[in-house]
Amino acid sequence: MSLLEAKNIKKVYKTRFGGASVEALKNVSFTVEKGEYVAIMGESGSGKTTLLNIIAALDRATEGTVILDGMDLSKVKDKDVAKFRRDNLGYVFQEFNLLDTFSLEDNIYLPLVLAGKKHAEMKQRLDGIAGTLGISDLLKKYPYEVSGGQKQRAAVARALITNPRIILADEPTGALDSKSSDELLALFKKVNQMGQTILMVTHSTKAASNASRVLFIKDGMIFHQIYKGQATDQQMYQSISDTLTLLAQGGDN
Amino acid sequence: MKAGFYPKMAVSGMRKNGRLYVPYIAACILMVAMFYIMHLLGFSEMLEGFTGAGTARDILKLGSAVIAVFGTIFLFYTQSTLIKGRLKEFGLYSVLGMNRKNLSKIIFFETLITWFISITAGLAIGIGLSKLAELGFRKMLALESSYKFVVSGESIYFTLLLYTFIFFLIFLNAARLVRFSRTINLINSDKAGEKPPKANWFVGILGLFILLTGYGIVLMIKTPLQALAMFFVAVILIIIGTYLVLIAGSVLLCRILQKNKRYYYKTNHFVSVSSMAYRMKRNGAGLASICILLTMVLVMMSSTSSLYLNREDVLQNHYPRQLNASASNYGYSESYTETAKRLEKEVIEKAHEFGAETTNDISLSCCSFSGYMENGRLRVDIDPFTMGTSINFDNVATVYFIDLEDYNRITGKNVVLGKDEALVGVSGNIPVEDSICIGDETFKVAKRIDARADELKYIGLNEVVSTITLVVDDLGETASRYSGLKDSRGDTMLMWQWNFAFDTNLDEDKQAELGKILAKHIRDDLYPKEQDYFRVVCESRVEQRSDFVRTFGGLFYLGILLSIIFLVSCVLIIYYKQISEGFEDQGRFGIMQKVGMTKENIKKSINSQMLTVFLIPIIFACVHLAAVLPIIHKLLKLFGHNNMPLLLLSAGICVLVCGIFYAVIYKLTSNAYYKIVS
Ligand SMILES: Nc1ncnc2c1ncn2[C@@H]1O[C@H](COP(=O)(O)OP(=O)(O)O)[C@@H](O)[C@H]1O
Ligand SMILES: [Mg+2]
């Protein structure tokens, strides 16, 4: 059984006064296996964020089901959603979403504190990942004192510290310069090699070429997918570019 | 650029920021209206032609000065908060190509518009409400109401002058704020990461120390005169202490809580403690201002209302009977007593002539002088009032000698005293053992008495410094031992005094008439001209009553008006605090929700923060009030008010009313907060 299974997801945004409605997702189905590193690509406005938000239970689908490790998201009660997300998902945002009132350390602890964990345990978990992420020396600093790349690494730590079943990342390199982007992508790769499942949304070809599989979304539908297999990042980059060109020309698969 | 461009920009800027500008302009209007009313009541001819008008108007004049000063500070402060909230917008304009001068022009027109609205609406409301204010004033002071409607050109002129000046200052300040911030800072002004404040141990502890010193001074003071001397020192220490404690101390407290890992890393504490630590430094000052304003309101209202309500008591103490005569002179001689006897006889005769029956009469004489308590002895060789700053007024004491015969007559007792024995009563800061030393003489304490008990209080012990009352076997003999004492100016220190008071069967109008006749009679016919310093007066209680009502009513009225101003300012500070925090927290709660915080968690955390921030100022204000009540009690004694239970009751009621008002305001403004956050 797949770790994540999205079936026939449809999302319609209704404008407030009952005017025109936007169909952000028409009919999206895909699966993610345990230990996979999947990228979802698409142009701006193609519904990537919408899809990720539905998977993260930040939003509800108009139709269709999302099943994570055998649990149907639509069956999770509203009041349990936050807890579900805390226990099962790690989310990395484009704009970091760190709280300026907390030091990086406390930012990372936040989901564990919400889960009611003991300080000793939190510390132990953080010690386990801080080295990998290269933020051991930054923990006492506040978000405004560190660079964007460092902020994003802290955000990754916050996502990892709960030992989530899957990491969801929405354009994690979107707000970073190219050097920081490379570092972050290398980090994702490393984390993935340690067994962590990752689902990443991006419109950067370079970011996507790191993934083991790339899904293309257009006009609210999954359009195409490429497996990396034994290909190098370079070859993967090339085949993604080709697909994007094809998509832009309006061709079909 | 086209004419009318800047005014248009100004109008649209103010419209867009209506949430900030409407309360600000409302406050401006209120200040203008209040100032006009105060000025009108204090300076125009409106309140003229009643006894005590001068005092009452002086009090109102003082009030208009307070409003002018406070209003300036407050509007200044509010407007800078407002401008700081808009720096980003100005930054955008400057990116779009406006220079500092253009920005200043926009600000100029904004200020001009605010000025125009405030002045016209303020004066209109002031003029409209002035009659109401006057009627309220007349009612409180038991004056006849008048039906004349007065508009004073002079008051309008002064209001216009003052507020034009204030708005000019406000404009300069705003222009300065915009001019001295760089464009990049303007754009980033609210995004720029602000370092959470460091716990400043030094300042926090210093603040606590200053605050406690202020309290300590209040608690150490024993007499009203010392209270008067030290009151402002204590008040200033308490204000400074409050600011330091709320700014640094609260950060310190949060930091200490954060150090305690087991406490801090709990769902309920984590978010609220850290965000409080973060904003305390900025909001500490706001909280302290709210706290000080609340304290001022509480102190003013409890003291003035208690004075006003207690006026009849004070009157009765000063004027124990319907008609009261007294005589005094320096030194002591047998002839004084004879003069007193003659005066008593003549006054009674005159009263009978007038057709009054006299009853209930008291006649009592005493001798007194002041000295300085040192090592358990009242020193009379130094003059306390020439000691300069080294003086502790708590050690100044006045000693009163009463004849045993008078004491026995008044109290209906039959005490016998030996030579150098005395009945002793003290108040204030006087230790008493077996004997008491007054100058070079020592008196054996035969028995302690209460010198302020009903029968004895008519000698009129002063309420200003400590007092020692000694009942001695032979007043003449004792007085002669001290009659040689001179103060530093060479004047005789010993003072002889005689009080005579009686009731009649007359109605109030007649009492007043008799009082006037007796006063004239004494002045013209009975005044003992052969004795230089002899002073004789006669007053009726009825006439004095209106004077008391006027003074205390005037104070109470002023207290109410100033309280309104202070409370409104409080409301505005709280409102801006909630709004700005709302905008700050908007993003934060979004993030927390994404990271897995439930809506309930968020609500709980908001509520606990709100409650803490709500409770801090009012709790501090109540503690301040409790701490300064002793000193207020002593200051009120200067007005002859000595009614602690009433003061406590007024204080209690004020706390209750103020607390309810504050709670309502907080509820309303926190709705503004919730609206922004969700
Ligand atoms: N809350 C919303 N209300 C209405 N329309 C929305 C909302 N969020 C997104 N959309 C619309 O849905 C479409 C997909 O948006 P999004 O998922 O953000 O795209 P992407 O992340 O791929 O750029 C867009 O056309 C966008 O305008
Ligand atoms: Mg997006």
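The following paragraphs lead through a predicted model, from chain B as a whole to its interface with chain A and then to individual residues.

Chain B contains 19 helices and ten strands. Of the 678 residues in chain B, 54% are buried. Among contacts between residues of chain B at least 6 apart in sequence, 82% join residues at least 24 apart.

One such link between separated parts of chain B can be followed through its aromatic rings. A pair of aromatic rings is described by the distance of the centres and the angle of the planes. Over all chains, the count comes to 34 aromatic pairs. In one of them, the ring centres of Phe369(B) and Tyr482(B) are 4.9 Å apart and the planes stand at 40 degrees, so the pair is classed as tilted. Phe369(B) belongs to strand S2 (residues 358-374) of chain B, while Tyr482(B) belongs to helix H15 (residues 475-482) of chain B, so the pair ties together parts that lie 113 residues apart in sequence. Both Phe369(B) and Tyr482(B) are buried.

A second pair, formed by Phe548(B) and Phe552(B), is edge-to-face, with 5.8 Å from centre to centre and 85 degrees between the planes. Here the two partners share one element: Phe548(B) and Phe552(B) are four residues apart in helix H17 (residues 541-595) of chain B, and are therefore separated by about one helical turn. Phe548(B) and Phe552(B) are both buried.

Rings of chain B also take part in arrangements with charged side chains. The charged end of Lys61(B) sits over the ring of Phe43(B), at 5.2 Å from the ring centre. For Arg311(B), the charged end sits over the ring of Tyr308(B), at 4.4 Å from the ring centre.

The aromatic pairs lead on to the interface of the two chains. Phe102(A), Tyr109(A), Tyr264(B), Tyr265(B) and Phe270(B) are linked by ring pairs into a cluster. Contact between the chains involves 25 residues of chain B and 26 residues of chain A. Together the chains bury about 2,400 Å² between them, with 67% of this area on carbon and sulfur atoms.

One salt bridge is found across the interface of chain B and chain A. In that interaction, the side chains of Arg588(B) and Asp100(A) meet with an N to O distance of 3.0 Å. Four residue pairs are in polar contact across the interface of chain B and chain A, with both residues at pLDDT 80 or more. On the side of chain B that touches chain A, helix H10 (261-264), helix H11 (267-309) and H17 each supply at least two residues.

In chain A, helix H2 (residues 81-88) is mostly covered, with six of its eight residues buried. These buried residues of H2(A) are Val81(A), Ala82(A), Phe84(A), Arg85(A), Arg86(A) and Asn88(A).

Asn173(B) is placed in helix H6 (residues 153-179) of chain B. With a relative accessible area of 8%, Asn173(B) falls under the 20% limit and is therefore buried. Leaving aside residues up to four places away in sequence, Asn173(B) touches Phe76(B), Gln79(B) and Ser80(B).

Asn97(A) is found in the loop between strand S6 (89-92) and helix H3 (104-114) of chain A. Although Asn97(A) is not a glycine, its phi is positive, at about 55 degrees. Asn97(A) is buried, with a relative accessible area of 8%.

Asn375(B) likewise has a positive phi in a residue other than glycine, with a value near 50 degrees. The loop that holds Asn375(B) runs between S2 and strand S3 (377-379) of chain B. At 79% relative accessibility, Asn375(B) lies over the 50% limit and so counts as exposed.

Conventions: Residues are numbered from 1 along each chain as its sequence is written. Chains are lettered from A and ligands numbered from 1 in the order in which they are written. This is a predicted model: local features need pLDDT of at least 70, side-chain atom pairs count only at pLDDT 80 or more; totals for chains, interfaces and linings use all residues. Side-chain values use heavy atoms; hydrogens and water are left out. Rings of Phe, Tyr and Trp (its six-membered ring) pair if their centres lie within 6.5 Å; planes under 30 degrees apart count as stacked, over 60 as edge-to-face and the rest as tilted. Buried means under 20% relative accessible area, exposed over 50%, partly exposed in between (1.4 Å probe, protein chains only). A charge sits over a ring if NZ of Lys or CZ of Arg is within 6 Å of the ring centre and within 35 degrees of the ring normal. Contact means heavy atoms within 4.5 Å. Buried area is the accessible area (1.4 Å probe) that two parts lose on being put together, summed over both. A salt bridge is a side-chain nitrogen of Lys or Arg within 4 Å of a carboxyl oxygen of Asp or Glu. A polar contact is a pair of N or O atoms within 3.5 Å; within protein, one must be able to donate a hydrogen and the other to accept it, and residues adjacent in sequence count only if both atoms are side-chain atoms.
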